[in-house]
Each structure stands twice: as C-alpha cells, then as structure tokens.
Amino acid sequence: MSSTPAVAGILENTKELDRLRKEQEEVLVEINKIHKKLQSSPEVVEKPGDTSLPRLKNLYIQAKELSESEVTVSNIRLAQLDSLLPSGQQRGKLEVAEGNGLKRKRMKAESDVTRVPPSTRNQIEAYASLKGEQVAARITADDAEQDPWFVAKVIHFDRETKEVEVLDEESGDDEEGGGQRTYKLPMSCILPFPKRNDPSTTQEFLPGKHVYPGTTALYKATVVSTPRKRKSDEYLLEFDDDEEDGALPQRTVPFHKVVTLPEGHRQ
C-alpha cells in the first residue's frame, strides 16, 4: 500500500500544529498585555465598566482549549508516524529518526494541559534576572509566628528547583567563625525590591500604607508622603517603635528600598 496518503496526512497535521501554536502565541501576547496593565494599575479593575478580569479569564480558557487541541493533533500525528514504521520499531525508530527536536515537541505537547501558566513563567523570568540584586529574604518556616526578613544578595536562581540562592552579606559581622552565609530558598521566601532604574513600573504606596523599608533588615513604617507628591525618588516614612523625644521620627527612604510583606506575614 502506498504511503503517500499517510505522509500527506502527517504534513497536514503538522500545518495544523503550526496554526495552533501561532494562535497560542497570539493569546499569550494578549494575556501578558493584561498582566502588565494590572501590575502597573491594579486599581483599574475597580472602575465601573472595566472588563480586564473577564477578558483575562476568557483568554485563559482559550489558551487551555488550544493546548488541548495541540495534544490531540500531536497524538494523531504520532499514530500516523507509527503506522509507517515496521512493527516493533515504531516508537524507538521515531525518536531516532526525528531526533531530540521532535522529542521536545512531543514532551511540550503532552504537557501543555498542565503547562506553567504565563503569569508563573513571567515570575520565573523575573527571578532569573535578579542575580546580583539585593532582595528581602526570610528563612523561617511557613508556620512561624513571625517572619524576620533580612536584606540579601541573589547569587543564583535554579530554574528547575525554582530556588533562589542568596548571600547574607551581614552574617559575617556578628556570627562566631566569621564568613558570610548563603541560603537556598523557595521563591515564596524572596521579595524583590523595585527596580532602581525604572520607577515608572513601580507600584506607589499611598499615605497611611504600612511598608517595610530595608537596609540590612526590614523595619515597619508608615507612608507619610509619596515620591510623586514629593517630586523626588524618595518616600517620607514614619517608623514604628523608634521614638525620638516622644515622637515617631520621619525619614526619607529611596523608593527602590521599600516593599510590603505578602498577605498573612508579619515582621
């Protein structure tokens, strides 16, 4: 029996896979646009008539359907390729003939239903770019009553384990034996500081908001005035538990040293 029709079918399904992947890329672009919009202006979802969240939900549904379709077409193409190979040599020969490229594509297709969401991929890329940067970190257990956060320097990010290796630059000053300590921590134990060279993408904390400026550790403070109002790159903060002459002192802190703790965490 001629293999020409089968080959034609394989080529047709290859075109369909290309189409599906192109559509997925287009959907991902739209998802990322909404993510950026929400990151820069989260308050927009509270405005009457805003459709950001329903639109985002529909895009995720569309992405899931496209992923499932890609898995289906990939399995059909795999069966078509198997039918052209001698019995007993189908799967092994297929991987040798197509090489690692096809193997990666099959793995991608079969895992698309449970693929990492775009928001998580963006987060991974953000953490991978932190090498050499200072961050806030904690090494306490998740069920700890309080979470002491300290300022550390990122020296490596492992994409496989999603662990961040940080250096406690101050540890050598007060621990016996000297030497700076390093820790491998999950992403949930890391708080990136705002980018120093890009204040336009930084969320501005309004007056009255509790924030945690960091130098060597994080200290609780309350926003008195914002960089925008002060027309500078510094917050005016009032620090808790730091009274001077019976009054809480107010100090200026650069915007790139100010963060808020994740919900449910206390310093």
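Predicted model: local features only at pLDDT ≥ 70, side-chain atom pairs only at ≥ 80, totals over all residues.
1. Open sheet. Five strands build an open sheet, and their order is E9-E8-E7-E6-E10. The pairing is antiparallel. Strand E9 (250-254) and strand E10 (258-259) are the edge strands. Each of these two pairs on one side only.

2. Strand E7 covers residues 221-225, and strand E8 covers residues 234-239. The two pair in the antiparallel sense over 4 bridges. In general, the strands of a sheet pair through backbone hydrogen bonds, parallel or antiparallel.

3. Strand E1 and its partners. Strand E1 spans residues 134-137 and pairs with E2 in the antiparallel sense, over 4 bridges. Val 135 has Ala 152 in E2 as its bridge partner. E1 is also joined to strand E5 (residues 190-192), by 3 bridges. E1 and E5 run antiparallel. Here Ala 136 stands opposite Leu 191 of E5.

4. Salt bridges, overall. How many salt bridges does a search of the whole structure find? The count is 8. As background, side chains of opposite charge can pair when their charged atoms come close.

5. Helix H1. Arg 19 and Glu 16 form a salt bridge through their side chains, at 2.6 Å from N to O. Both residues lie in helix H1 (residues 4-40). They are 3 residues apart, about one turn of the helix. Arg 19 is partly exposed, because its relative accessible area of 37% falls between the 20% and 50% limits. Glu 16 is partly exposed too, at 27% relative accessibility.

6. Helix H2. Glu 68 and Lys 64 form a salt bridge, with 2.5 Å between the closest N and O atoms. Helix H2 (residues 52-83) holds both residues. Their spacing is 4 residues, about one turn of the helix. Glu 68 has a relative accessible area of 31% and is partly exposed. Lys 64 is partly exposed as well, with 46%.

7. A link across the sequence. Arg 159 and Glu 125 form a salt bridge, and their closest N and O atoms are 2.8 Å apart. Which parts does this pair tie together? Arg 159 lies in the loop between strand E2 (150-158) and strand E3 (163-168), whereas Glu 125 lies in helix H4 (residues 118-128), so the bridge ties together parts that are 34 residues apart in sequence. Arg 159 is partly exposed, with a relative accessible area of 43%. Glu 125 counts as partly exposed at 44%.

8. Nonpolar surface patch. Which residues form a nonpolar patch on the surface? They are Val 7, Leu 11 and Leu 84. Together they have about 240 Å² of accessible area. Leu 11 sits in helix H1. Is Leu 11 buried or exposed? Leu 11 counts as exposed, because its 51% relative accessibility is over the 50% cut-off.

Conventions
Residues numbered from 1 in each chain as written. Heavy atoms only, no water. Pairing = 2+ DSSP bridges. Salt bridge = Lys/Arg side-chain N within 4 Å of Asp/Glu carboxyl O. Buried < 20%, exposed > 50% of the residue type's maximum accessible area, 1.4 Å probe, protein only. Patch = residues over 30% accessible without salt bridge, like charges linked within 9 Å, V, L, I, M, F, W, Y side chains within 5 Å. Areas by Shrake-Rupley, 256 points an atom, 1.4 Å probe, with all protein chains shown as cover.
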